[in-house]
Amino acid sequence: MTEKNRTLTGAGGVSTILLSPWDGACRMAIQSRPLQRPLAVIMCRTLRTINPDATLLEAASLMRDAKVGALLVHEAGHYSGLVSESDLVRKGMAESRPAHETLVRAVMSHPLLSIDHASSAHEASEKMAEHGIRHLAVSDEGQIVGIISVRDLLRYFKNWGDL
């Protein structure tokens with residue numbers, strides 16, 4: 001059997017793959033850097049917000065209607081935290097808090113963690129894993145400009161991640 005080279009061209013560059021026989025199977029070696037896109041391309045730019053004095057029922061309804069898993073908590077002209085489906089379940093329902101009376105401020109995650117928009121998906125994934133979170137605010141010069149979720153990263157890695 002002989003070795004064969006294949007070239008793949010993607011949005012992030014060109015990769016050459018060397019296919020060679022090895023015990024009856026083909027082995028692949030990638031000879032270029034992985035394709036990476038900054039978060040500015042991957043993130044959701046629509047900022048869904050809620051007031052910290054809203055109830056958990058209001059937060060759940062907003063998430064359902066917007067089909068999102070988290071809302072940025074906006075208070076006095078800045079983002080003070082984030083409330084997610086996990087917060088509603090783990091800090092609200094699991095503690096038998098009444099959803100129509102409990103305020104978002106009682107269960108929200110704070111302070112708000114963010115990552116710069118020029119960072120890579122890998123850096124976002126590492127930060128999420130390090131902090132045990134599923135949503136991360138994206139900033140540009142200190143201003144929140146988007147949000148990225150684990151689902152966004154899964155979609156990225158499935159379509160554009162490392163070969």
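Contact here means heavy atoms within 4.5 Å. Helices (H or I, at least four residues) and strands (E, at least two) are DSSP runs, numbered from the N terminus. The model is predicted: local features need pLDDT of at least 70, side-chain atom pairs count only at pLDDT 80 or more, and totals for chains, interfaces and linings use all residues. Residues are numbered from 1 along each chain as its sequence is written, and side-chain values use heavy atoms, with hydrogens and water left out.

Helix α3 spans residues 85–92. Its buried residues are Ser-86, Asp-87, Leu-88 and Gly-92. Buried means under 20% relative accessible area, exposed over 50%, and partly exposed in between (1.4 Å probe, protein chains only). The buried residues of α3 pack against α2 (56–66) and β6 (78–84).

Thr-49 sits in strand β4. Thr-49 is partly exposed, because its relative accessibility is 35%. Beyond its neighbours within four places in sequence, Thr-49 contacts Leu-62, Leu-72, His-74 and Tyr-79. Val-83 is 34 residues from Thr-49 in sequence, and their C-alpha atoms are 9.3 Å apart.

Thr-55 lies in the loop between β4 (49–50) and α2. Is Thr-55 buried or exposed? Thr-55 is buried, because its relative accessible area is 14%. Not counting residues up to four places away in sequence, Thr-55 touches Ala-99, His-100, Thr-102, Leu-103 and Val-104.

**Strands β7 and β8**

Strand β7 (residues 114–116) runs parallel to β8, and three bridges join them. Two strands pair if DSSP finds at least two bridges between them. Ile-115 has Val-138 as its bridge partner in β8. Five of the six residues of β8 are buried, so the strand is mostly covered.

**Pockets**

A pocket is an open set of points on a 1 Å grid over the protein atoms alone, where a 1.4 Å probe fits, with protein on both sides within 12 Å along at least five of seven lines; lining residues have an atom within 4 Å of a point. Grid points are joined across faces, edges and corners, and a volume is the space filled by probe spheres set on the points.

| Pocket | Volume | Residues nearest the centre |
|---|---|---|
| Largest | about 540 Å³ | Val-68, Gly-69, Ala-70, His-135 and Ser-149 |

The largest pocket is lined by 23 residues. Elements giving two or more residues to this lining are β5 (70–75), α3, β9 (143–149) and α5 (150–159). Helix α5 gives the most, with four residues. By class, the lining of the largest pocket has 10 nonpolar, six polar and seven charged residues. Ala, Val, Leu, Ile, Met, Phe, Trp, Tyr, Cys and Pro count as nonpolar, Asp, Glu, Lys and Arg as charged, and the others, Gly among them, as polar.

β6, α3 and β8 (135–140) each give two or more residues to its lining. The largest share, four residues, comes from α3. Six residues of this lining are nonpolar, six polar and four charged.

**The aromatic pair**

The whole structure holds one aromatic pair. Tyr-156 and Phe-157 have ring centres 5.1 Å apart and planes at 65°, so the pair is edge-to-face. Rings of Phe, Tyr and Trp (its six-membered ring) pair if their centres lie within 6.5 Å; planes under 30 degrees apart count as stacked, over 60 as edge-to-face and the rest as tilted. Tyr-156 is buried at 3% relative accessibility, whereas Phe-157 is partly exposed at 28%.
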